[in-house]
Structures are given as C-alpha cells and as structure tokens.
Amino acid sequence: MAERQYLLVCGGEGCQSGKSEELFLALHQQAEALGVKNDVQIIRTGCYGFCEKGPIVKVMPSESFYRGVRAEDAKEIIAERVVARKDVQRLLYRKEDRLAATTRVPEGGTYNKQFRIVLRNCGVIDPENIDEYISRDGYAALEKVLFTMKPEEVVEELKVSGLRGRGGAGFPTGVKWELTRVAPGEQKYVICNADEGDPGAYMDRATIEGDPHSVVEAMAICGYTVGATKGYVYIRAEYPLAIERLKIAIRQAEEFGLLGKDILGSGVDFELEIRLGAGAFVCGEETALMRSLEGNRGMPVPKPPYPATSGLWKKPTVINNVETFANVPMVILKGGKWFSSIGTEKSTGTKVFALTGKINNSGLVEVPMGTTLREIIFDIGGGIRGGKRFKGVQTGGPSGGIITAKDLDAPISYESLTALGSMMGSGGMIVMDEDDCVVDVSKFYMDFCVDESCGKCAPCRIGTNQMHTILDRITKGEGEEGDLAKLEKIGQAMTKASLCMLGGSAANPTISTIRHFRDEYLEHIRDHRCRSGSCKALVTFTILADKCIGCGLCARRCPVPCIAGEKKGVHVIDQAKCVKCGECFTACKFGAVVKA
Amino acid sequence: MAKMNVASLDKHRAAMKAKYPTSLQPSQKTRIIVGMGTCGIAAGARDAWEELKKSIAEFGIEHEVLMKQTGCMGLCQVEPTVEIAVPGMPTVIYGKVTAEVAKRLVRKHIVEKTLIDGHIQDRPATDIVLWAAKGGE
C-alpha cells in the first residue's frame with residue numbers, strides 16, 4: 001500500500017463560514033467514490049487563520065497548502081493529490097498571496113507568516129534540560145564570542161544587525177553595549193529587565209518559561225562584551241514558574257562551567273543572580289528598576305546620567321529586556337547581516353506580540369517587522385470573534401494608543417506605530433470590537449496609571465488622577481462641554497513635564513482615542529449615550545413586545561431578578577431594579593431584548 | 001557534570017544532537033510533547049500529562065514512547081497543547097487536550113495510528129534552527 005495521506009480541512013468553533021463543512025463532506029464522498037478511502041484520512045482541524053482565503057486544506061506528508069478551496073474542488077484534490085500524488089497547482093498558496101509587499105521575509109518556503117527567532121526553542125525543547133538547549137546550538141554563540149571575537153567585534157555585529165531594544169523605546173542595542181563598554185570603571189553590570197507589567201502582555205514570561213538559557217547565554221555574551229562580571233535578572237515575583245525555570249537554568253549553566261569563573265577555560269568570569277520585583281509597574285522603568293535592585297524604593301531618577309555611564313550603584317550598566325537578549329545568540333551565530341535582512345530597513349528582525357482581546361486565535365505570535373496589523377489580526381489571529389466588526393487594536397499597553405481600521409495595512413515598525421499615535425511598546429496587542437467602548441478603555445488604562453504612579457512627580461501623580469476623574473464622569477453620563485479640551489491640556493502637561501515615561505506616556509491612550517473617536521466621546525457627553533453598551537450608567541435594556549415570545553429565559557437568567565411576565569406572555573424589565581449586567585440581552589434567542 | 005572547555009562542549013553538543021532530535025526529525029520512537037507554560041498549566045496541561053501517562057501504561061507501551069514537557073507553543077486559545085510524533089505519521093499539534101481527549105490521543109493516534117478529528121492546530125512557524133542547519137538563508 002502506498003504511503004497514507006492526510007487531508008486537514010480547516011474549521012474551528014469560531015468559524016463563521018459553513019463552507020469548510022461542505023468541503024469536508026465532499027472530500028469524503030469523492031474519496032469513497034474513487035475507492036481510495038483507506039489511503040487517505042480526512043479530518044477537520046482548529047482554525048488556521050487565513051479566513052479571508054479559506055477554507056484551507058493542508059495535505060500531509062506532502063505539506064501542500066491549498067487555499068480558497070470549494071466543494072467543487074474536492075474531486076480534483078482526491079484524483080490528483082491522493083491518487084496521482086501530484087499537487088493541484090491552481091489551489092496552492094503562493095508568495096503573491098502575502099499582503100505586505102514591504103516585508104522582507106527570508107525564504108522559508110512556507111505559507112507561515114510567523115518567523116520565530118526569539119521563540120525558536122519555545123514549544124520545542126524542555127526548558128529544564130540544558131542538554132536540549134545545547135543540542136539546538138545553545139551556548140555556541142557564547143563559545144564563538146569568547147574564543148573568536150573581540151568585544152569590539154561583538155558590538156559591530158550587533159550594530160550591523162540593527163537590533164533595537166524590544167522593551168519599547170527601540171534604542172539600538174549595539175550602541176548601548178558600546179557606550180557601556182567604553183565607559184570608564186572597574187566594575188560594570190548587566191541587567192535583564194523581566195519586569196513585564198503591561199496589562200495583556202506575557203511575551204517575556206513565555207520566553208523565560210520556554211527557553212531560559214537563551215537569556216542566560218545572551219547575558220554572558222553581554223558581560224564579556226562590556227567587561228561586566230556580574231549580572232542580574234530583575235523579574236516580577238508574580239512569575240513563579242519563570243523564576244523556577246530560570247533558577248534551574250542558572251544552576252545548570254554553572255555546573256557546566258558556562259557561568260561563573262573562567263567560563264569554558266577562557267579566563268572570562270560572569271555570575272548571574274535573580275532579583276525579584278514586587279510587581280510595581282514603575283519598576284519596569286530602568287532607573288526605578290535599578291533603585292529597586294539596590295534595595296531602595298523603586299522610583300525613577302532623571303536622565304542623564306544614563307545607565308551606560310552611571311547605572312546600578314552608579315557603575316556603568318547595560319540594561320536590556322528579555323526579548324532583546326533572546327535575539328542576541330542568533331545574531332552572533334547567523335550574523336548581523338542575516339538578521340538585518342529580516343524586517344524593514346530601520347526596524348530589523350522580528351517582534352513577539354501577545355495577541356489578545358476579541359480575537360479568534362489569541363496567542364503568542366512572532367512576526368518579521370514590517371508585517372501588517374491586518375496580517376496579524378486576520379491571517380494569524382483568524383479575525384474577530386463572533387464575526388463582529390473590528391474597532392481598533394491597542395498596542396503599547398498603558399503607554400500606547402489605539403490603531404483603527406483605516407491603518408490596518410500599515411507595516412509594523414517602531415517608526416510607523418509612533419506615527420500612528422501609538423507605540424511598539426513591549427508587545428501587548430489587545431484587539432477591540434464594536435462592543436468595546438473607547439471611553440471605558442481609556443478609563444481602564446488611566447485607572448491602571450493612577451494605581452501605578454509612584455507619586456514622585458506632580459504631573460503624573462496629579463495629572464493621572466485628574467484625567468481619571470474626568471473620564472469617570474464621562475462614562476457616567478455626567479460629562480461637560482469642554483471636558484475633551486481639559487483632557488488634552490492635562491495630557492499635554494503630563495507628557496511634557498513628567499519625570500519618567502510612565503507619566504510621560506500615561507495620557508497616550510486617552511489622547512489617541514479622542515483623536516480617532518471624538519464623536520463617541522461627544523455622544524457620551526452630549527447625548528448621554530454609549531453606543532457599545534459598555535458604560536453601564538448609559539445603557540438601558542428593554543424588551544420589544546412584538547418580538548418577545550414569553551419563553552422566560554431572560555427572567556431565569558436575571559440575577560436580580562427584575563424581569564416579570566406570564567409564561568407565553570410579553571416580559572418587562574423593571575428599570576429601577578436593573579443592574580445592567582446584560583445577561584438577558586445575551587440569553588434572548590429572538591432578538592427581543594435590545595440595549596440602547 | 002564537570003566544568004567544560006570548548007572541546008568537551010562541542011563533543012557534548014554533537015552527542016546531544018543525536019540524543020534529542022526535535023519532533024520534526026525522524027526517530028524510531030513515538031514522542032509526546034506537552035506545552036507546560038503557565039498558560040498551559042492553567043488550562044489543565046497537568047491533567048492531560050497524567051492521563052497520557054496513565055493511558056500509555058494501560059496499553060503497556062511505556063518503552064515505545066518518550067514524553068517531555070516544553071514551554072508555551074504560542075497557541076493560547078487552544079491550550080492545553082500536545083504535540084505527537086509517531087514514526088511514519090505526520091507530526092501534529094493537538095489543541096484543547098482535556099483528560100478525555102488525552103485518553104483518545106493515546107488510543108486513536110498512537111495505538112491505532114489515525115489522526116483525531118477537530119483538535120489539530122497549525123504549526124505556527126518554521127523551525128529556524130532546523131532550517132538553518134539545512135543551509136537555509
């Protein structure tokens with residue numbers, strides 16, 4: 001018998017199109033009709049993304065990827081692919097199907113939009129086993145650096161690569177290391193910032209949990225390059241599993257002689273320690289982080305002096321985030337030129353995003369810079385849950401802004417996101433649909449900043465509170481004419497006068513939503529109306545008499561309860577008691593409950 | 001493990017490459033990889049792990065199967081995730097592997113050698129380490 005083939009037909013619970021089910025049945029019929037039922041297994045899979053080009057059929061083991069397949073194509077697929085073992089050329093996914101012509105993607109020969117450099121080992125190796133890391137060329141970069149490269153050459157390679165800080169600001173990593181390398185001082189330090197605090201972001205946690213050695217190796221490379229013998233990983237205590245795996249990794253590396261004194265007999269020393277943060281958002285700001293590491297209260301200090309000349313205990317210090325470090329071994333092994341061929345001209349390499357919110361396939365994605373938001377949200381993310389309308393995507397967390405439908409085709413880079421009034425940030429990407437209210441979202445982020453402001457400088461301490469008060473009032477239908485101007489003015493002052501970037505960017509979500517959705521703000525203020533129905537104070541739920549069949553489901557779901565009515569008779573909501581939870585709205589199968 | 005020098009590390013790496021082929025490389029044994037990041041564990045990866053172990057023992061095939069944990073595969077929506085590589089079959093990633101699905105995986109996929117309907121997920125990306133080793137540029 002010939003080798004068995006497998007046809008994987010895309011599907012998934014969130015799938016709105018019934019086309020794949022039809023195709024699935026047609027393939028089965030044709031396999032039966034052509035008498036090859038036993039040579040092929042046809043099954044349904046989870047969502048593959050690419051929904052606009054769906055349904056998708058993937059054939060194993062030939063790895064053929066067919067897009068836009070219809071039930072009428074079933075016969076040809078079975079006859080050609082399964083029986084004759086030739087591809088149906090016209091259905092194959094082609095390079096031209098990619099949306100972003102601007103993206104320079106290395107030829108991997110696949111349809112995949114993701115390209116995993118940082119996450120190369122995540123989901124592949126056992127993170128608690130150093131041997132597996134080593135088997136995948138782990139510590140080969142450290143070896144190469146220690147024995148064949150001068151520190152200047154490492155810096156040069158990084159500069160050629162164009163690697164920039166992945167914590168958000170995008171400072172060139174090679175330049176940062178160079179500044180620390182040439183800074184005078186006997187003792188220098190290397191710090192890894194693993195104090196990931198943006199709501200909805202978990203890229204760094206996943207990286208450390210999945211591949212802790214990549215960070216350990218990169219920090220040792222950094223130590224050699226800048227002349228530091230001591231490094232710290234500052235990681236938040238809320239990440240117990242990541243901490244545990246990092247501890248195991250450090251211990252194993254020490255046992256192998258890859259950390260500690262005289263690494264691999266090179267005469268170079270580098271020690272690594274873990275320091276736990278108590279979860280204050282401001283400690284992700286580098287100067288506050290270093291104060292916290294020193295044992296002081298985590299508060300930012302003005303720059304300059306920059307950490308490169310006066311950082312931890314006033315010594316020259318390199319501080320990079322997890323993702324930046326995780327890139328370094330690949331830059332060294334494959335070369336800066338290779339790395340710079342990925343992504344766009346000024347933003348090279350890849351970026352990891354935590355894709356969350358109202359999206360079908362939420363998850364961790366790593367894409368080449370220059371990929372468009374549309375590709376991430378619709379091709380990889382599988383589009384908006386429940387077939388709803390896309391409203392916007394928040395990048396950069398509480399420091400970023402919202403990007404709307406009209407900018408979906410912008411290629412992602414540090415510059416483009418800033419130009420759109422948001423920022424790269426650390427990589428949180430929260431997708432919103434028509435049910436999300438922009439005023440409510442702004443209030444959420446401002447609430448976060450009020451809590452997390454360290455209180456040292458007035459613009460941030462007072463400004464965040466004032467903005468929150470105004471936003472809160474708007475969501476309650478008590479907004480006043482002129483509130484938007486006030487928000488913008490306070491925002492401007494905070495952006496200009498705050499001591500650190502927490503305050504300096506805290507107004508961004510509000511300012512950016514006012515820019516894109518001014519009419520929605522005005523609706524709240526003037527008409528006391530929230531079109532998405534998120535602002536509870538502004539919503540009323542009513543039951544339409546002509547549509548209600550009296551099934552009583554809403555009354556049973558109502559937690560108050562405040563819905564009354566005879567069986568098979570029209571039901572009514574007691575508005576005085578209603579808590580506006582929306583349970584009745586979700587429960588009704590007849591569209592009789594409306595919100596306005 | 002004694003402290004290493006360059007020569008012994010290179011030798012060790014070569015040995016480990018042979019010992020730990022990834023799931024996409026051929027091997028004689030069936031390999032199961034369970035995604036055990038915080039996300040996977042929160043979604044019930046430990047239950048899946050226990051059930052896989054139990055079912056494998058029930059079929060008496062412990063010696064033919066290697067099981068290991070890994071970090072997040074990136075498919076948060078469908079955690080817990082389990083990757084299975086059975087010799088002669090395509091390597092696939094299953095999502096939403098509850099204890100019940102785990103039991104079925106062992107019986108259907110590993111013992112009866114047929115894929116399970118409705119749970120297979122797309123592999124998110126090419127393995128660039130393997131790709132680079134094959135001379136990819």
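## Chain pairing and domain layout

A:Phe115 stands opposite B:Thr126 in S6(B). Strand S5 (residues 114-115) of chain A and S6(B) pair in the parallel sense, over 2 bridges; strands count as paired if DSSP finds at least two bridges between them. Helices (H or I, at least four residues) and strands (E, at least two) are DSSP runs, numbered from the N terminus.

The model is predicted: local features need pLDDT of at least 70 and side-chain atom pairs pLDDT 80 or more, while totals for chains, interfaces and linings use all residues. Residues are numbered from 1 along each chain as its sequence is written, and chains are lettered from A and ligands numbered from 1 in the order in which they are written.

In the interface, 47 residues of chain B are in contact with 53 residues of chain A, contact meaning that C-beta atoms, placed from the backbone, lie within 7 Å. On the side of chain B that touches chain A, H1(B) gives the most, with 7 residues.

Chain A is divided into five domains, with bounds from an automatic or database domain assignment.

| Domain of chain A | Residues |
|---|---|
| domain 1 | residues 5-97 |
| domain 2 | residues 130-338 |
| domain 3 | residues 350-433 |
| domain 4 | residues 438-527 |
| domain 5 | residues 540-595 |

The centres of domain 1 and domain 4 of chain A, taken over C-alpha atoms, are separated by 50 Å.

Chain A also holds an open sheet of 4 strands, in the order S8-S7-S6-S9, with parallel pairing. Its edge strands, S8 (271-277) and S9 (317-321) of chain A, each pair on one side only. Within chain A, strand S6 (residues 189-194) runs parallel to strand S7 (residues 230-236), joined by 6 bridges, and A:Asn193 stands opposite A:Tyr234 in S7(A).

Key: Two residues are in contact if their C-beta atoms, placed from the backbone, lie within 7 Å.
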